[in-house]
Structure formats: structure tokens, C-alpha cells
Amino acid sequence: MTQVVSFSPEQKWANEAEDDDTHIRADKANASLNAEPVTLNGGSKTIQKMRVGYPEPSSEMDTAIDTKVFHKYMYYTLGNYAHSTTTVNGQSKHCHEFYGGDSTKLPSATTRLTYDVDDYVLEKTLLGCVMDEFNLETSDELSTASLSMIYRTEKSKKISQTEQDIREVDAVPFIGYDYQITLGGVDSYVFNELKLSIKNNHKIDGARGLGNRFYGRQPNVGEREIQLELTTVFDTDNLETVIKSEYGDENLETITDENGYWIPSKCKLFTIPLKLKIMTCEDATEYVEIEILNCIISIDPLEFSGSDDVEVKLTLQATGTKKVALNSGVEKRTDIRCIVVNDQEEITPSIKTATTTPSSTYTSTEEE
């Protein structure tokens with residue numbers, strides 16, 4: 001199978017970067033310019049005039065996820081990045097640290113996708129890719145990362161499969177039992193399904209300009225939305241969390257009436273911090289840590305059906321109301337912080353040299 005993808009960090013938006021040194025196997029991937037023709041009937045029953053429309057290029061893909069690629073996804077999703085080295089169990093490792101900020105721009109990538117075509121491979125090179133949405137999902141199967149990107153333009157070429165150089169890193173994919181959840185400072189092992197979603201909500205309308213069909217500037221980031229969904233069976237271990245979330249107070253004694261009933265709070269909103277650590281038993285020297293500093297927590301309505309277990313679904317919405325101390329010692333007010341420890345080098349943007357790009361390719365005139 002020769003259908004792989006790669007991400008190469010760009011020094012300037014939509015300026016092609018050098019090919020990344022590793023490829024990622026994708027379960028599913030697509031890319032399209034999404035350029036619908038603009039037509040005019042002009043009083044006729046048929047189309048009388050037509051022009052090529054403005055493209056809205058987008059790409060989506062699903063991949064397995066592990067410590068070797070997690071830092072790359074966070075680089076494009078969160079943007080704020082610091083690299084250092086650390087020692088874990090006597091081994092020297094790279095530490096990649098990310099956090100959510102208020103920048104209007106995120107790092108961009110040159111993304112390359114390959115498609116099998118008989119004895120050939122069609123390689124699509126997508127220029128100016130920015131991460132619009134990242135989703136992580138796990139249960140009792142292998143964890144899946146779903147990516148949604150928008151980009152400026154693309155170019156393609158046909159190459160022989162015998163000439164294709166596939167470069168993969170041997171890695172252990174995550175599965176549900178690799179996850180440790182700490183909710184409100186208490187370790188929890190009762191959740192059986194997890195979904196993390198980070199949406200950047202890029203504003204593509206403001207990226208268009210006169211004189212060019214393709215985006216004239218990198219789309220700005222909109223409001224960042226971070227949600228974490230946790231699913232479990234309703235039992236005594238999570239009963240108090242359900243009541244606190246529904247009634248709004250972390251102290252159940254203050255919302256207990258004279259008859260011992262819990263009652264909704266007059267005005268309080270229940271919030272809680274969450275930490276997530278992902279580490280495989282095959283290699284305890286590499287891991288991912290995600291910290292959501294303060295979450296608004298809500299519960300789906302409790303519902304029973306026949307003799308089935310009552311299911312509890314918690315939705316945690318990240319807020320930017322707390323500060324966290326980064327590895328540098330600097331405190332930052334943020335909604336999320338992620339640390340990835342692995343054996344992968346620091347992420348370094350580049351510009352591909354001695355290359356011919358299509359006429360639609362953007363050339364930056366901005367100052368460094």
C-alpha cells in the first residue's frame with residue numbers, strides 16, 4: 001500500500017516546504033479545490049454564460065495516533081510551541097510543549113497525499129494548509145485522529161510506485177487502556193469512551209481578495225472551541241459528579257435542604273479541571289499529557305430504556321480563565337496545554353529550494 005500522507009511546516013504561508021522525513025499511514029484521506037462553476041441562465045431554460053468559481057480548498061483525513069505524530073498535530077492545531085530536552089528513565093527525550101493562545105494565525109503546512117493509480121502514484125501537494133479542526137476518539141479500539149484542514153492551492157504529479165520513497169517511523173498506536181483521566185484532581189477509571197474536539201473556526205471570507213481566485217492571505221483563526229466528551233455507566237462512582245454538574249455547586253452540603261434533598265444552586269456554575277495522560281506499556285519513556293485548566297461541565301439528560309444500563313455522557317467545555325506555568329517558568333493564561341515526550345526532533349519550518357510552483361501559488365510579500 002502506497003497511500004500515505006506527510007506534513008511539512010512552512011516558513012511562510014503557502015510557500016512550499018521541504019518534504020517531511022516521515023510518512024503517516026491514513027485510513028482515509030481526501031483533498032479537493034471545491035471550485036463550483038458560476039453560471040447564468042439569462043432568461044433561458046439552459047445555462048447561457050459560465051465562469052469558473054472561487055475555490056474553497058479543503059482536506060480531511062483519519063489516521064491512527066501515537067507519540068511519534070501527536071506533537072505534529074498539536075503544532076498545527078495550537079501553534080504556540082516550545083522545544084526542550086528531558087530525561088525519562090535514564091533516556092534522553094525531546095519534550096514538545098504547546099498551549100492555546102490568542103494569535104490570529106496558526107502555523108501552516110505543505111501536505112502531501114498519495115493515491116494509487118495502477119502502477120503509479122498520484123501525489124497531491126497542498127500548499128498553505130492550516131488546521132481547522134482536530135478530533136481524537138478512543139474506546140475499546142485503536143484511537144483515531146480526524147483532521148480537517150483548509151489550504152490555498154495544490155499541484156499534482158504522477159510517479160512510479162517503484163520510485164516512491166516511503167519513510168515510516170515504527171510506533172505503537174494508542175488504545176483505550178493507555179489513557180489515564182484525572183477529573184477534579186481525582187484519578188478516574190470508569191469512563192469507557194472519550195472524544196476530544198478542538199475547532200479553530202478559520203474565517204475564509206476575509207482571506208479572499210480581488211485579482212486572484214485563490215486566497216490572497218492566510219485565513220484568520222476564529223473563536224477556539226475545545227470540548228471533551230466522556231461516556232460511562234451511571235453508578236455510585238459518578239453520582240455526585242452528575243449532581244454537582246446539574247445543580248451547579250461543588251459543595252453538596254450547601255445545596256442540601258432540611259429534608260436531605262439536593263436542590264439546584266441559586267447562581268453557581270460547576271467547573272472542574274481535567275488532565276489526560278496517554279502512555280503505552282510498551283514504552284513508558286514516551287507519553288502525551290493534556291491539561292484543560294478549567295472546564296464548564298454539563299450532563300446529557302439521564303435516560304433509562306428497558307433493562308439497559310443508564311448511560312452518563314459528560315461534556316466538558318474548556319475556558320481560558322486560568323493560568324499555567326510552562327516549562328520555561330513563564331505563566332500563561334490559556335484554555336489548554338499539551339506536552340508530548342518522544343524521540344522526534346524539534347519541529348523546524350523550511351522553504352523548498354529550486355522548485356517550480358504553479359502560477360496560482362502565493363508568494364508572500366510580508367516582512368519576516
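User: Is Lys-277 buried, partly exposed or exposed?
Analyst: In this predicted model, Lys-277 has 27% relative accessibility and therefore counts as partly exposed.

User: Which residue does Lys-277 meet in a salt bridge?
Analyst: The side chain of Lys-277 meets that of Glu-289, with 4.0 Å from N to O. The pair links distant parts of the chain: Lys-277 lies in strand S16 and Glu-289 in strand S17, twelve residues apart.

User: And is Glu-289 buried or partly exposed?
Analyst: Glu-289 counts as partly exposed, because its relative accessibility is 31%.

User: Why would such side chains pair at all?
Analyst: Side chains of opposite charge can pair when their charged atoms come close.

User: How many salt bridges are there in the whole structure?
Analyst: A search of the whole structure finds 22 salt bridges.

User: What does Glu-16 pair with?
Analyst: Glu-16 forms a salt bridge with Arg-112, and their closest N and O atoms are 3.0 Å apart. Glu-16 sits in the loop between strands S1 and S2, while Arg-112 belongs to strand S8, 96 residues apart.

User: Is Arg-112 buried or exposed?
Analyst: Arg-112 counts as buried, because its relative accessibility is 5%, and buried means under 20%. Glu-16 also has 5% relative accessibility and counts as buried.

User: Which network of salt bridges includes Glu-16?
Analyst: Glu-16 is linked in a network with Asp-19, Arg-112, Lys-155, Asp-165, Arg-167 and Lys-352.

User: Changing topic, what does Arg-25 meet?
Analyst: Arg-25 and Glu-168 meet in a salt bridge through their side chains, at 3.0 Å from N to O. Arg-25 is in strand S2, and Glu-168 is in the loop between strands S11 and S12, 143 residues apart.

How values were computed: Residues numbered from 1 in each chain as written. Predicted model: local features only at pLDDT ≥ 70, side-chain atom pairs only at ≥ 80, totals over all residues. Heavy atoms only, no water. Helix = DSSP H or I, 4+ residues; strand = E, 2+ residues; numbered from the N terminus. Buried < 20%, exposed > 50% of the residue type's maximum accessible area, 1.4 Å probe, protein only.
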